[in-house]
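User: I have a model open and would like to go through a few parts of it. Can you take a look with me?
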Amino acid sequence: MPVTQKDDSPWWADGLPFTCQQSGKCCHARGDYAWVYVGWPERERLAQALQITPEEFTQKYTITDAQGARILRFVDGHCIFLEDAACQVHDHKPVQCRTWPFWEELLESPETYEAEVRNFCPGSRSGKRISADEIRRQMKETEEARQ
Ligand code: SF4
């Protein structure tokens, strides 16, 4: 009897369309999502871009979450760096912002992706097709940045 191979390809194996429309929507708090992790290397990098010390950056722009991780402050329901619908640190933005929406928890199932991404992010409904390999690379980069 032939052995049936289990297909463990992810539902996004053919890639997903995404081109950022710079709507700024992912920079706003949505329910449980109101954090952008900024570990020490990211804080050093952002501090350098803003020409301040990492300590000053940490004090001015971050808070500690319930698990003790450093996250960017949110002000009036949006990231402290969002001004006039534009990211003020665009060229230096945190990994998590660059890799949106290819985060493990958002790609868990088509339903989750629909609810948490496609429903409100205009860039996820059309645009350039991002390959599965690139999605995997971005998921990995996101996880590593959170450690
Ligand atoms: S750092 Fe920039 S891209 Fe990231 S959430 Fe804040 S405003 Fe948005």
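User: First, how are H1 and H2 oriented, roughly parallel or roughly perpendicular to each other?
Analyst: This is a predicted model: local features need pLDDT of at least 70, side-chain atom pairs count only at pLDDT 80 or more, and totals for chains, interfaces and linings use all residues. Residues are numbered from 1 along each chain as its sequence is written. H1 and H2 are roughly perpendicular to each other; angles of 65 to 115 degrees count as that, under 35 as roughly parallel, over 145 as roughly antiparallel and the rest as oblique.

User: What is the crossing angle of helix H1 and helix H2?
Analyst: Their axes cross at roughly 95 degrees and come within 8 Å, with H1 covering residues 40-50 and H2 residues 54-61. Axes are lines fitted to C-alpha atoms, for helices over the stretch in contact, and angles run from 0 to 180 degrees between N-to-C directions. Helices (H or I, at least four residues) and strands (E, at least two) are DSSP runs, numbered from the N terminus.

User: Which residues of H1 and H2 make the contact?
Analyst: H1 contributes Arg-43, Glu-44, Leu-46, Ala-47 and Leu-50, and H2 contributes Pro-54, Glu-56, Phe-57 and Thr-58. Two residues are in contact if their C-beta atoms, placed from the backbone, lie within 7 Å.

User: Which residues of H1 are buried?
Analyst: Glu-42, Arg-43 and Leu-46 are. They sit on the same side of H1, because they cover an arc of only 100 degrees around the axis, the arc being that of the directions from the helix axis to the C-beta atoms. Trp-40 and Pro-41, on the other side of H1, are exposed. Buried means 20 or more other C-beta atoms within 10 Å of the residue's own, exposed 12 or fewer, and partly exposed in between, with C-beta atoms placed from the backbone.

User: What do the buried residues of H1 pack against?
Analyst: They pack against H2, strand E3 (70-72), H3 and helix H5 (132-146).

User: New topic. Where does Asp-76 lie?
Analyst: Asp-76 is in the loop between strand E4 (74-75) and strand E5 (78-79). Its phi is near 50 degrees, a positive value in a residue other than glycine. Asp-76 counts as exposed, because it has 8 C-beta neighbours inside 10 Å.
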